[in-house]
Amino acid sequence: MDNEEKQDVKDELKNPSFLLFVFSCIGFQVFITGNISEIKLLQHIGAGLMFSGFVSGCVGAFRQSYFKKGIGLMLAGGIGAVLYFI
């Protein structure tokens, strides 16, 4: 790869949307695995990863001045957290 492609990959990995996607996907998979195997610890870890994905995506959206997207992510994470604890 040349330097321009390397820089594009670095920029993409630092993108908060990428963090949101990665943490949320991994957290969802761990959460579902915990539900299937009925292990509460896995469920809690998965929920924590999903919540941290939403928080990091929200903070990244606010840093890039995407206020509507940040508020939407904040609401989605908050609703998910409330539904998890009910």
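**Faces, loops and contacts**

Author: Start with α4. On the face turned away from its buried side, α4 carries the exposed residues Lys 68, Leu 75, Ile 79, Val 82 and Leu 83. Keep in mind that this is a predicted model.

Reader: Which residues of α4 are buried?

Author: Gly 70, Leu 73 and Gly 77 are the buried ones. Looking down the axis of α4, its buried residues fall within an arc of 65°, so they line one face of the helix.

Reader: What span should helix α4 have, at 1.5 Å a residue?

Author: 27 Å, for the 19 residues of α4 (residues 67–85). The end C-alpha atoms of α4 are 27 Å apart, which agrees.

Reader: Back to the surface. Which residues form the nonpolar patch?

Author: Ile 71, Leu 75, Ile 79, Val 82, Leu 83 and Ile 86. Together they have about 660 Å² of accessible area.

Reader: Where is Ile 86 found? And is it buried or exposed?

Author: Ile 86 sits in the segment after α4. Its relative accessible area is 78%, so Ile 86 is exposed: the cut-off for that is over 50%.

Reader: New topic. How many residues does α3 have?

Author: 24, covering residues 40–63. From first C-alpha to last, helix α3 reaches 35 Å, close to the 34 Å expected at 1.5 Å a residue.

Reader: Which residues of α3 are buried?

Author: Gln 43, Gly 46, Ala 47, Met 50, Gly 53, Gly 57, Cys 58, Gly 60 and Ala 61.

Reader: What does Phe 23 touch?

Author: Leaving out residues up to four places away in sequence, Phe 23 touches Leu 49, Met 50, Ser 52, Gly 53 and Ser 56. Met 50 and Gly 53 are among the buried residues of α3. Phe 23 itself lies in helix α2 (residues 16–37).

Reader: How far apart are Phe 23 and Ser 56?

Author: 33 residues in sequence, but 8.9 Å in space, C-alpha to C-alpha.

Reader: Last one, backbone. Which residue has a positive phi although it is not a glycine?

Author: Glu 38, with a phi of about 55°. Glu 38 is in the loop between α2 and α3. At 69% relative accessibility, Glu 38 counts as exposed.

Methods: Residues numbered from 1 in each chain as written. Predicted model: local features only at pLDDT ≥ 70, side-chain atom pairs only at ≥ 80, totals over all residues. Heavy atoms only, no water. Helix = DSSP H or I, 4+ residues; strand = E, 2+ residues; numbered from the N terminus. Contact = heavy atoms within 4.5 Å. Expected span 1.5 Å × (residues − 1). Buried < 20%, exposed > 50% of the residue type's maximum accessible area, 1.4 Å probe, protein only. Arc of directions from axis to C-beta. Patch = residues over 30% accessible without salt bridge, like charges linked within 9 Å, V, L, I, M, F, W, Y side chains within 5 Å. Areas by Shrake-Rupley, 256 points an atom, 1.4 Å probe, with all protein chains shown as cover. Salt bridge = Lys/Arg side-chain N within 4 Å of Asp/Glu carboxyl O.
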